[in-house]
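Subject: Structure handover

Hello,

The structure is pasted below, and my notes on it follow. Please read them alongside the coordinates.

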Amino acid sequence: MSEILFEMADLAERTVSASLQAATSGEELGTQVRVWSNELQGRYDDVEEKAVELIARYQPVASDLRIIKSNMKVAYDLARLGRYAYDIVQVLNFINGGKAADKAFLEKMSQKVLKMMRLSFTALRIREVGIARQLIEMDSEVDQLYRDYLKGVMSNPHLTPAEAVSTALIARHLERIADHAWYIAQAVSYMVTGTYIV
Amino acid sequence: MKRSKIETRGLSLWFGQKQVLDNVDLNILENSITAIMGPSGCGKSTLIRVFNRMNDIIPDCNVTGSVFLDGEDVYSPSVDVVALRMRVGMVFQKPNPFPKSIYDNVAFGLRIQKRTSKEETDKVVEESLRGAALWDEVKDRLKDSALELSGGQQQRLCIARALAVKPEVVLMDEPCSALDPSATAKIEALMAELKKNYTVVVVTHNMQQAARVSDYTAFLYLGKVVEYGLTDQIFENPTNKLTENYITGRFG
C-alpha cells in the first residue's frame with residue numbers, strides 16, 4: 001500500500017508542477033495534466049481496494065490500523081492534488097488561454113505551494129511527524145497571499161475581468177493544494193502518534 | 001459516570017512459591033463489559049477467579065492486597081463465600097451443564113437456596129432462560145436432557161444457570177473458545193444485552209472478540225496489568241509498546 005502511495009506522490013508532484021508551469025510560462029501541458037490526474041484517481045481506487053482487503057483479511061489494530069486509515073486519507077489527498085492541477089489548466093483553457101493571469105503573483109504563490117507539497121511528501125516517505133508543524137505556518141502564509149490578492153482585486157479598478165478571474169481561480173486552487181499538503185502531513189502525524197497536530 | 005463494581009488494590013497471588021499475579025490495580029465498572037486479555041499463562045483466569053474466590057479451593061494459594069465488591073472486601077473473614085459466588089457468577093470455557101434436564105439445570109441453584117415454590121421456580125427458570133436468549137429454543141422441551149443441546153445452547157444454558165441466582169457480576173472465562181462462529185455470535189450478542197443488568201468480565205484469547213464486545217480492556221502480561229482503558233483507545237492507540245506488540249501479533 002505504501003508503495004502505491006509513494007508512486008502517487010511522485011505523479012502528483014509532476015502533475016501539479018506541470019500545471020503551474022503551464023500557468024506561469026504559458027506552455028501547453030493541458031492534455032498531459034489531464035492524463036496524469038485521471039491516473040491519480042485510478043490509483044486512489046487501488047488504495048481503497050487494498051485497504052478494504054487488508055481490513056477484511058487481517059482485522060488490523062493499533063498502528064497497523066492507523067497506517068491503513070492514514071493511507072486512505074493520503075491517497076485521497078494525492079488524488080485531489082491531481083484534480084486541482086487539472087482545474088488549473090481548465091482555467092487556462094477557458095479564460096483567454098491564461099495569457100491574462102498575473103504571472104508574477106502566481107509564480108510567487110506557486111513556489112510556496114510546491115515547497116509545502118514536497119515537504120509533505122518527505123513527511124510521508126520517512127514518516128516524519130515534525131513537518132506538520134512547519135506546514136501550519138506555511139499554510140497560513142499561503143492563505144494570506146490568497147486573501148490579499150482577493151482584497152487587491154476589489155480595490156483595483158484597472159484589472160481586466162480576465163486577469164482578475166483567471167488569477168483568482170488559479171490562486172484558489174493553489175490554496176487548496178496547500179491545504180491538502182498539510183492534511184497529508186497531519187495524516188502522517190496520526191499514523192505515527194495516534195494524534196493530529198493542530 | 002459509571003460506579004466501580006469490583007476494585008483490586010495491590011493484588012498479588014501465589015500458588016506455593018510461584019507468583020501468578022503481581023500488584024494488580026484494576027477498577028471494573030458496573031454495567032460494562034471488561035475484557036481481560038494477554039498471552040497464555042499471564043494470569044487472566046487466575047485474576048477473575050479472585051473475584052469470586054474460586055482460587056480458595058486450590059491448595060497453597062496465597063492472596064495479598066485487597067479486592068472490593070461494591071466497596072466491601074471479599075477476603076474479609078466475615079464474607080460468606082457461597083453467597084459471594086451467587087453474587088459473582090461464572091461461566092467456563094467448556095460448557096458444563098449438569099447431567100440433568102434443562103429445567104433442573106437452571107433450577108438447581110434456586111433449590112440449594114431453598115426456594116422450592118413451583119410457581120416461583122418456573123418463573124425464575126423462564127426469566128433466566130430468556131435472559132440467556134435460550135427460552136424460545138427450549139421452552140417446549142424443558143424436561144429433555146441438557147446434554148442433548150448443541151455446544152452453543154449448552155453454553156447459554158450455563159449462562160442461564162448463573163443468572164438464576166440473581167448475580168450482580170457475570171465472569172466468563174473464554175466462553176466462546178469451544179464454540180463455532182455462529183454460536184459465538186449469539187453469545188456475543190447476549191453479552192451486549194447482559195451488561196444492561198449485570199457487570200460482565202470476560203477473559204478472552206481472541207483479540208477481535210475483545211475489540212468487538214468490550215467497553216474496557218485490560219492487558220495482562222506475566223501477572224501484571226500492563227495497560228487498562230477504553231477498548232477503543234487500546235485498539236486504536238495503545239500507550240504501552242508491549243500492548244501494541246501483543247495486539248498487532250508481534251508476540252504472544
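B:Ala107 is buried, because 23 other C-beta atoms lie within 10 Å of its own (buried means 20 or more such atoms within 10 Å, exposed 12 or fewer, partly exposed in between, with C-beta atoms placed from the backbone). The residue sits in helix α3 of chain B, residues 102-112; helices are DSSP runs of H or I with at least four residues, strands are runs of E with at least two, and both are numbered from the N terminus. Setting aside neighbours within four places in sequence, B:Ala107 has contacts with B:Thr121 and B:Val125, where a contact means C-beta atoms, placed from the backbone, within 7 Å. From B:Ala107 to B:Asp144, 37 residues along the chain, the C-alpha separation is 14 Å.

Before going further, note that this is a predicted model: local features need pLDDT of at least 70, side-chain atom pairs count only at pLDDT 80 or more, and totals for chains, interfaces and linings use all residues. Residues are numbered from 1 along each chain as its sequence is written, while chains are lettered from A and ligands numbered from 1 in the order in which they are written.

Chain A contains six helices and zero strands. Its radius of gyration is 18 Å, close to the 16 Å from the globule rule for 198 residues, so chain A is as compact as a globular protein of that length (radius over C-alpha atoms; the rule is 2.2 Å times the number of residues to the power 0.38). The C-alpha atoms occupy a box of roughly 60 × 35 × 20 Å along the principal axes. Of the 198 residues in chain A, 39% are buried. Among contacts in chain A with a separation of 6 or more, 80% join residues 24 or more positions apart.

Within chain A, helix α4 (residues 103-126) packs against helix α6 (residues 161-193) at about 15°, with axes 9 Å apart; axes are lines fitted to C-alpha atoms over the stretch in contact, and angles run from 0 to 180 degrees between N-to-C directions. The pair is therefore roughly parallel, a class for angles under 35 degrees. Residues of α4(A) in this contact include A:Phe105 and A:Met109, and those of α6(A) include A:Ile170 and A:Leu174. The contact residues divide into 17 nonpolar, three polar and no charged (nonpolar: Ala, Val, Leu, Ile, Met, Phe, Trp, Tyr, Cys and Pro; charged: Asp, Glu, Lys and Arg; polar: the others, Gly among them).

Regards

Terms used: Contact = placed C-beta atoms within 7 Å. Parallel < 35°, antiparallel > 145°, perpendicular 65-115°, else oblique.
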